[in-house]
Amino acid sequence: MKNNDVKFTLPMLEAPRTMRILFRKVGNLQYISHLDLQRTFSRVLVRAGLPLWYTKGFNPHIKMVFGMPLSVGAESECEMLDVRIERDMSADEMLQRLNAELTDELRALAVYPAERKFSEIAFAAYDYSIRTAGADQAMADRVAALLDAPGLTVTRRSKSGEKEIDIKDYLYSASVSFEGGLIGIHAVLAAGEGKYLSPELLITALRQRMGILSGLPTEEHYRILRRRVLLADGKTLFR
């Protein structure tokens with residue numbers, strides 16, 4: 001029996017059920033836009049044969065809600081997407097069907113009923129790995145001192161022009177390490193609807209204030225990986 005036929009044998013739910021898909025987006029897929037990700041999932045969800053609920057009206061479509069879209073150039077192990085289903089398919093079967101249509105770089109990690117609202121997200125934890133000229137323990141110590149200083153103002157460029165922003169107002173915590181020639185930073189940044197800091201701005205601060213990553217792009221590079229998203233206490237995992 002084909003994927004798209006199985007769903008019609010399942011019992012109808014009394015009301016559509018919202019299911020949350022936890023997925024990773026890593027490797028080369030860090031460079032695709034959020035719009036491209038939406039298009040990809042709209043196709044994957046259909047090909048997986050999930051019993052999706054569609055909006056009503058002249059242009060029915062799948063209702064998809066992503067939690068905290070990821071910046072281009074950043075990777076993540078904790079992306080989330082909410083979809084509605086109208087028939088009683090188990091979370092395990094949904095997970096298996098999704099991964100049959102996905103790759104290792106875009107992989108569903110879990111499927112479960114959505115209970116919390118995305119508006120409850122307050123922070124996100126990131127791991128940075130930086131390879132830059134002259135990197136050593138002394139440089140890592142200077143990075144730590146900079147992130148621990150009272151203020152850390154950077155220039156942010158946007159369509160409306162340049163604006164000064166103190167990222168310390170958005171930095172919940174940060175720790176710095178040096179290992180294997182790489183400077184590592186673990187940072188918890190504001191990620192709420194009314195207060196959000198792009199993880200790229202921390203790299204901008206290091207460039208502007210310390211000259212880090214100002215050499216040849218072929219020799220210097222960095223990686224940003226979002227590990228988890230958190231509630232207002234900065235510790236409790238959002239799921």
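Modeller: An axis here is a line fitted to the C-alpha atoms, for a helix over the stretch in contact, and the angle runs from 0 to 180 degrees between N-to-C directions. Two packed helices are described by the angle between their axes and the distance between the axes. In this structure, which is a predicted model, helix 4 (residues 137–148) packs against helix 5 (residues 200–210) with their axes 11 Å apart and at an angle of about 110 degrees.

Biologist: How are helix 4 and helix 5 oriented to each other, roughly parallel or roughly perpendicular?

Modeller: Angles of 65 to 115 degrees count as roughly perpendicular, and helix 4 and helix 5 are therefore roughly perpendicular to each other. From helix 4, Met139, Arg142, Val143, Leu146 and Leu147 meet Leu202, Leu206, Arg209 and Met210 of helix 5. By class, this contact has seven nonpolar and two charged residues, and no polar ones.

Biologist: Which residues line the largest cavity?

Modeller: Rolling a probe the size of a water molecule over the atoms shows where empty space is left. Here there is one cavity of 30 Å³ or more, and the largest cavity holds about 30 Å³ of space. Its lining is made by Lys25, Ile32, Ser33, His34, Leu37 and Leu70, of which three are nonpolar, two polar and one charged.

Biologist: How many aromatic pairs are found in the whole structure?

Modeller: The search finds six aromatic pairs. The ring centres of Phe23 and Phe66 are 6.5 Å apart and their planes stand at 80 degrees, so this pair is edge-to-face. Phe23 in strand 1 (residues 12–25) and Phe66 in strand 2 (residues 64–67) are 43 residues apart, and the pair thus links distant parts of the chain.

Terms used:
Residues are numbered from 1 along each chain as its sequence is written. This is a predicted model: local features need pLDDT of at least 70, side-chain atom pairs count only at pLDDT 80 or more; totals for chains, interfaces and linings use all residues. Side-chain values use heavy atoms; hydrogens and water are left out. On a 1 Å grid over the protein atoms alone, a cavity is a set of points where a 1.4 Å probe fits but cannot get out, and a pocket is an open set with protein on both sides within 12 Å along at least five of seven lines; lining residues have an atom within 4 Å of a point. Grid points are joined across faces, edges and corners, and a volume is the space filled by probe spheres set on the points. Ala, Val, Leu, Ile, Met, Phe, Trp, Tyr, Cys and Pro count as nonpolar, Asp, Glu, Lys and Arg as charged, and the others, Gly among them, as polar. Helices (H or I, at least four residues) and strands (E, at least two) are DSSP runs, numbered from the N terminus. Angles under 35 degrees count as roughly parallel, over 145 as roughly antiparallel, 65 to 115 as roughly perpendicular and the rest as oblique. Contact means heavy atoms within 4.5 Å. Rings of Phe, Tyr and Trp (its six-membered ring) pair if their centres lie within 6.5 Å; planes under 30 degrees apart count as stacked, over 60 as edge-to-face and the rest as tilted.
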